[in-house]
Amino acid sequence: MSGGPRLQAPRGTFDVLPGDSPARLSLFNLCQGRLGGAGLQYTETPIFEDTELFARGVGEATDIVQKEMFTLEDRAGRSLTLRPEGTAGVCRAYVEHGMHKLPQPVRLWYWGPFFRHEAPQAGRYRQFNQIGAEALGSDDPSVDAELILLLAELLAEAGVRELRLRLSSLGTAEARRDYADELRAHLLAREDELSPEVRARIEANPLRAFDSAHAGTRAVLADAPRLLDRLTPEDAEHFAEVRALLDEAGLDYEVDPSLVRGLDYYTRTVFEFTSDALGAQSGVGGGGRYDGLVEQLGGPPTAGVGWAAGVERILLAAGGEPRRQAPPAVFVAWEDSRRTAFDLTRRLRQDGLTVQMEQAGRSLKGQLKHADRLRARFAAVVDDDGLELRDLRTGEARPVKTAADIVDAVRSP
Ligand code: AMP
């Protein structure tokens with residue numbers, strides 16, 4: 001068979017190599033410990049959804065929906081999209097499975113791949129992984145504060161360096177619409193000073209101007225009206241209570257009235273964690289409240305709040321040395337007795353030991369060297385005359401009869 005040119009992974013994707021996996025798996029375990037420990041239940045939703053879910057859920061005018069989705073048609077001509085974010089899918093599942101009938105709030109967490117057609121660079125991929133948490137069915141400010149604290153603790157424990165938290169409130173959808181009109185008028189009055197991108201979005205989404213790094217735009221925004229000053233008394237009180245809870249917990253944050261997130265569904269609390277240890281792509285995780293989203297997706301009026309954090313960004317910002325896989329307790333070495341070695345390996349594993357066996361045809365000497373390289377604690381040498389157990393730390397070797405003898409020796413060396 002002829003080979004052909006060597007294939008590469010698609011642009012903006014990456015392979016998780018064996019050296020990367022211990023850090024990822026321990027991050028997953030940390031999530032399960034922290035989020036599971038706080039009573040959030042693990043969930044999974046499909047990697048592709050009907051395109052309409054994101055058009056309705058994330059918002060037609062957002063960058064994600066307009067420019068970044070990987071959309072495909074199935075054989076029946078239905079439009080499907082690889083999920084660019086997790087909240088819409090979780091809310092769809094909440095409605096589809098009648099989770100509003102469960103005791104509220106329903107608190108969930110997830111981990112999995114997401115897809116956005118962005119220009120790849122360090123820390124920005126087209127397929128990346130997010131950890132997410134969502135709480136549906138309560139507008140109590142303690143839920144906002146709880147989720148923010150959980151993410152802060154998770155990121156700190158994962159070793160993310162130079163972490164900063166920015167926090168704001170967007171108010172209710174109505175307050176935001178009124179404010180959008182006010183901001184639109186302000187922007188239109190000085191339209192010629194704005195960047196072309198901001199100008200193009202004045203009608204559809206004037207708040208996104210706050211995301212711009214363009215100097216002229218920033219100057220126009222410096223004296224723009226602030227949404228934080230336009231909150232209704234109830235929204236202002238909700239925000240004050242979220243802040244009070246975070247203050248009492250001793251969490252540092254900065255109130256940033258210019259914080260607008262790139263998704264349309266947010267109401268009230270929004271927040272973003274960044275790490276100065278990262279380059280241009282400094283966002284580690286963020287989220288907010290989305291009290292209208294479930295209803296927008298055809299469900300009953302339901303409050304909700306959640307966040308998502310990037311697995312790869314967390315690992316980058318933690319900057320840990322690549323860790324090695326945990327060493328096996330026993331390496332099974334053999335030359336002519338494949339079946340006996342295979343059987344012994346299976347029995348030892350059944351008894352709960354971590355075991356690897358020789359599978360590359362090395363000489364016995366080569367096998368012992370390999371066992372050392374794996375940092376195995378013992379080598380069980382199998383040959384036709386019997387079984388020998390070597391303590392690879394002391395070099396001591398002794399004959400043993402059965403798998404049970406090896407288990408005993410390993411458990412009480
Ligand atoms: P967002 O939903 O845009 O707020 O994203 C939440 C988090 O996901 C961000 O803070 C990043 O950590 C991560 N993230 C978003 N987009 C990407 C991407 N293209 N590549 C890698 N990580 C990403």
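**Figure 1. The second largest pocket of the predicted model.** The volume of this pocket is about 600 Å³. Its lining comprises 32 residues, and those nearest the pocket centre are Ala173, Arg176, Arg177, Asp264 and Tyr266. Two or more lining residues come from each of the elements α2 (51–57), α6 (173–189), β9 (267–275) and α10 (293–296). The greatest contribution is that of α6, which supplies seven residues.

**Figure 2. Composition of the lining of the second largest pocket by residue class.**

**Figure 3. The open sheet of eight strands.** The strands follow the order β1-β5-β6-β11-β10-β9-β7-β8, with mixed pairing. At the edges lie β1 (41–42) and β8 (254–255), each of which pairs on one side only. Strand β9, a member of this sheet, also gives residues to the lining of the second largest pocket.

**Figure 4. The pairing of β7 with β8.** Strand β7 (residues 163–169) runs parallel to β8, and two bridges join them. Leucine 167 has valine 255 of β8 as its bridge partner.

**Figure 5. The open sheet of three strands.** Here the order is β2-β4-β3 and the pairing is antiparallel. The edge strands, β2 (48–50) and β3 (70–73), each pair on one side only. From one strand to the next, the twist averages 35°.

**Figure 6. The pairing of β2 with β4.** Three bridges connect β2 to the antiparallel strand β4 (residues 79–82). Threonine 81 in β4 is the bridge partner of glutamate 49.

Technical notes
Residues are numbered from 1 along each chain as its sequence is written. This is a predicted model: local features need pLDDT of at least 70, side-chain atom pairs count only at pLDDT 80 or more; totals for chains, interfaces and linings use all residues. Side-chain values use heavy atoms; hydrogens and water are left out. On a 1 Å grid over the protein atoms alone, a cavity is a set of points where a 1.4 Å probe fits but cannot get out, and a pocket is an open set with protein on both sides within 12 Å along at least five of seven lines; lining residues have an atom within 4 Å of a point. Grid points are joined across faces, edges and corners, and a volume is the space filled by probe spheres set on the points. Helices (H or I, at least four residues) and strands (E, at least two) are DSSP runs, numbered from the N terminus. Ala, Val, Leu, Ile, Met, Phe, Trp, Tyr, Cys and Pro count as nonpolar, Asp, Glu, Lys and Arg as charged, and the others, Gly among them, as polar. Two strands pair if DSSP finds at least two bridges between them. Axes are lines fitted to C-alpha atoms, for helices over the stretch in contact, and angles run from 0 to 180 degrees between N-to-C directions.
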